[in-house]
Structure formats: C-alpha cells, structure tokens
Amino acid sequence: MSETTPVVTSGRDAMDRAVVLAQRGPAYGPNPQVGCVIVSGGQDPTAAGVVVGEGWHRGAGTAHAEVAALADAVERGNDVRGARAYVTLEPCNHVGRTGPCADALTAAGIGDVVYAVADPGDASSGGAATLRSRGIGADLVGHDGAKQLTRRWHRAMSLHRPYVIAKWASTLDGRMAAADGTSFWITGTQAREHAHGVRAVVDAIAVGTGTVTADNPSLSARPGGVEQGHQPLRVVVGQRSTPGAAVWRDSNAMQASTHDPAEVLAELWAREVRTVVVEGGPTLLSAFFAAGLVDEVNAYLAPAIVGAGPTSLADLGISTMADALRLRDVTFTPLGADILVTGFLTEGT
C-alpha cells in the first residue's frame with residue numbers, strides 16, 4: 001500500500017505518518033479520516049522500528065484504517081504479532097457497515113495500540129477498554145495533527161448534530177450587498193476559489209429561501225471552475241416555495257420547512273450529515289448564532305466600503321460588548337486582496 005517500507009524513529013514519527021495517511025481519505029461523509037501505522041521492533045515507543053503495514057479509511061462502507069493496515073501487512077508478507085499499531089482515532093468497538101476494529105486487532109495478535117483521539121460515539125467507543133480487557137495495551141497519546149483532522153467529526157458525534165460552519169463574504173463595513181441589492185462580486189477570485197474548496201469537503205450547504213429568491217445560487221462545489229465528483233447536499237431553509245430555482249436541478253437537494261435551526265440540524269443528522277456550511281442570508285445566519293449552534297466561522301473580508309446595504313448578521317439581541325461572541329484560535333489568511341478570518345466558538349477535541 002505504501003511506496004516504501006519506512007523506518008520510524010519514534011512513536012511521534014509513526015503517528016505523524018498515520019496523520020498523513022488519514023488525509024488521503026475523504027473529509028466528507030459520516031465517517032472520520034483515520035490513518036494507521038503498524039510498527040515492529042519492540043514495545044518501546046521511543047525506539048526505532050520498521051513499518052510492517054499501514055492503511056487509511058477510504059470512506060463509508062470501506063475497511064477501517066486498522067483493517068486496511070493489517071491487510072497491507074499480509075500483502076507484504078509481514079508478521080504483525082506483537083507489533084504496535086499507531087492509530088489517529090481509538091479503534092471502534094461496534095458492528096456498523098464493517099466489523100469492530102478491536103476484534104480485528106485482537107485476532108491479528110497485535111501487541112499494543114497507541115491512539116491519538118478518543119472515539120466519542122455512543123456505540124463505536126470503548127475499543128481501548130476492550131483491548132485492555134484482552135491483555136492488549138491501549139494508550140491515549142494526544143497528537144495535534146490528529147486532533148485537528150477529526151475536530152469537526154468529533155464535535156458532531158459528541159453533540160449528535162452536524163458541525164456548523166457559518167460563512168459569509170462582506171465589505172470592510174460589514175455589508176453583504178450594496179444598497180441596490182447587488183453582491184456580485186464582493187470578494188475576488190482567490191477568496192471565491194477557497195470557498196468552493198470548503199464546499200467540496202462538507203456534507204451540506206444551507207441557505208434561506210430569501211437567498212434562493214434573491215440570488216438563485218447553484219450551491220455547487222466548483223474548485224477550479226469544475227464541479228467535483230462529491231457535491232454537498234443543497235439545503236433550503238424556510239417555508240416559502242422556490243420552484244424553478246437552480247438548487248432544485250437534481251435530487252441532491254432538500255427543503256427544511258422550518259425556521260428553527262435545531263430542527264434543521266436534526267433533519268440533517270438523520271441523513272448522516274456531519275458538517276454543514278450555513279451561507280446565508282443574514283436572517284438564517286443570525287438564527288444559528290442566536291441558537292448557539294455555530295461551531296466555526298469563515299468570514300471573507302473584501303477591501304471595499306459601501307456605507308449602506310444589508311449587514312452580514314441581523315440583530316442577535318446582544319446589547320453590550322461584555323456579551324459579544326468571541327472567536328478563539330483565530331487565523332487570518334490572505335486571499336489576493338481579501339482576508340479570510342477563521343475562528344471557533346467552541347473548543348476542539
């Protein structure tokens with residue numbers, strides 16, 4: 001499965017490799033990105049060892065990373081008995097589309113397991129405890145790369161609702177459109193390209209009926225100007241009918257006939273949506289903020305000033321700066337003449 005058989009110099013080195021492998025899997029879908037590296041050479045996590053098998057999860061319904069790594073070892077003719085498995089996420093403990101990874105590791109004779117993030121799932125968690133009960137070591141050793149890789153999925157599974165990204169583009173004075181309603185284009189090519197890249201790795205995009213009526217957006221993922229194989233579910237929130245709109249061009253669309261964000265998320269969760277980008281307009285975005293259901297903010301700021309027009313958000317009922325919503329772990333990314341401000345309203349895993 002790998003091009004070479006690398007030697008890892010430490011447990012950190014092995015987990016770094018597992019994170020790289022995990023990133024080969026799809027970032028969208030009901031399952032997380034997970035990588036696994038199996039290393040021989042004793043049980044000392046600081047010692048060098050040889051990679052005897054490695055794998056990653058390729059999407060819902062396919063082998064989990066641990067099973068893929070075990071299969072890779074068999075294909076190479078390597079013995080994994082007594083070896084250590086480094087996995088970015090705690091091995092699962094349940095029968096879903098595939099069997100429990102805890103059982104597969106046990107049957108293969110793995111000596112012990114190091115995992116970087118605990119599984120928050122009600123049914124899937126507990127793999128580490130199962131392994132320990134069978135005399136197989138299972139240790140949680142945190143890793144920032146693995147944590148960031150599973151941040152959205154982990155929070156979704158912890159709260160039993162999709163992870164919500166609030167996205168908007170605005171002028172420096174906070175306007176989403178000019179006074180005459182025009183909004184094409186607030187930001188430049190690089191910012192729009194980035195936004196399409198985000199769409200390409202989420203499960204759904206949500207807009208209100210007002211945005212559909214005013215802008216008739218296609219809500220497709222088009223990095224490089226080309227539609228991707230994976231297209232997020234297009235979600236129209238509200239009770240107004242919008243027949244003939246571009247979002248209804250095929251069956252990959254739905255209407256959530258409610259004004260309650262929690263009801264929208266419950267419906268999406270039932271469809272196995274784990275990440276959703278809420279793109280507007282101001283009424284819908286504000287409803288999610290007011291309900292405390294926003295996890296991440298992607299705000300694209302253009303160096304333009306119009307002085308009038310609709311604002312990015314509507315009234316949130318915040319009357320004093322002491323109650324302002326404050327982002328954490330904020331980053332600023334230049335995108336041509338524009339700036340992307342990314343931040344979180346919730347802590348990571």
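Buried means under 20% relative accessible area, exposed means over 50%, and partly exposed lies in between (1.4 Å probe, protein chains only). This is a predicted model: local features need pLDDT of at least 70, side-chain atom pairs count only at pLDDT 80 or more, and totals for chains, interfaces and linings use all residues. Residues are numbered from 1 along each chain as its sequence is written, and side-chain values use heavy atoms, with hydrogens and water left out.

Q: Is Cys-36 buried or exposed?
A: Buried means under 20% relative accessible area. Cys-36 has a relative accessible area of 0%, so Cys-36 is buried.

Q: How many disulfides are there?
A: A disulfide is a pair of cysteine sulfur atoms within 2.5 Å. The closest cysteine sulfur to that of Cys-36 belongs to Cys-101, 8.5 Å away, so the gap is too far for a bond. Cys-92 is in no disulfide either, as its nearest cysteine sulfur, that of Cys-101, is 3.7 Å away. The count is zero disulfides.

Q: Is Cys-92 buried or exposed?
A: The cut-off for buried is under 20%. Cys-92 has 6% relative accessibility, so Cys-92 counts as buried.

Q: Which residue does a cis peptide bond join to Phe-184?
A: Omega of this bond is about -15°.

Q: Which residue does a cis peptide bond join to Gly-280?
A: Omega here is about 5°.

Q: Where is His-160, which has a positive phi although it is not a glycine?
A: The phi of His-160 is about 60°. With a relative accessible area of 41%, His-160 is partly exposed. His-160 lies in the loop between helix H6 (151–159) and E7.

Q: Is Glu-272 buried, partly exposed or exposed?
A: Glu-272 also has a positive phi, about 65°, although it is not a glycine. Its place is the loop between helix H9 (261–270) and E11. The relative accessibility is 33%, so Glu-272 counts as partly exposed.

Q: Why are the buried residues of H7 said to be on the same side?
A: Ala-191, Ala-195, His-196, Val-198 and Arg-199 are buried in H7. The arc is that of the directions from the helix axis to the C-beta atoms. These residues are on the same side of H7 because they cover an arc of only 155°.

Q: Which strands do the buried residues of H7 pack against?
A: Contact means heavy atoms within 4.5 Å. The partners of these H7 residues are E7, strand E8 (204–208), E11, strand E12 (296–302), strand E13 (328–335) and strand E14 (338–344).

Q: Which backbone nitrogen does the side chain of Gln-231 reach?
A: Gln-231 lies in the loop between helix H8 (209–215) and strand E9 (233–237). At 17% relative accessibility, Gln-231 counts as buried. Not counting residues up to four places away in sequence, Gln-231 touches Ser-220, Ala-221 and Asn-252. At 2.8 Å, its side chain reaches the backbone nitrogen of Ala-221.

Q: Which helix supplies the largest share of the lining of the largest pocket?
A: On a 1 Å grid over the protein atoms alone, a cavity is a set of points where a 1.4 Å probe fits but cannot get out, and a pocket is an open set with protein on both sides within 12 Å along at least five of seven lines; lining residues have an atom within 4 Å of a point. The largest pocket holds about 1100 Å³ of space, with grid points joined across faces, edges and corners and volume being the space filled by probe spheres set on the points. Of its 48 lining residues, the closest to the centre are Lys-167, Ser-183, Thr-211, Asp-215 and Glu-279. The largest share, seven residues, comes from H7.

Q: Which helix supplies the largest share of the lining of the second largest cavity?
A: The second largest cavity holds about 30 Å³ of space. Its lining is Lys-167, Ala-195, Val-198, Arg-199, Val-277, Glu-279 and Tyr-300. The largest share, three residues, comes from H7.

Technical notes. Helix = DSSP H or I, 4+ residues; strand = E, 2+ residues; numbered from the N terminus. Polar contact = N/O pair within 3.5 Å; in protein donor to acceptor, adjacent residues only side chain to side chain.
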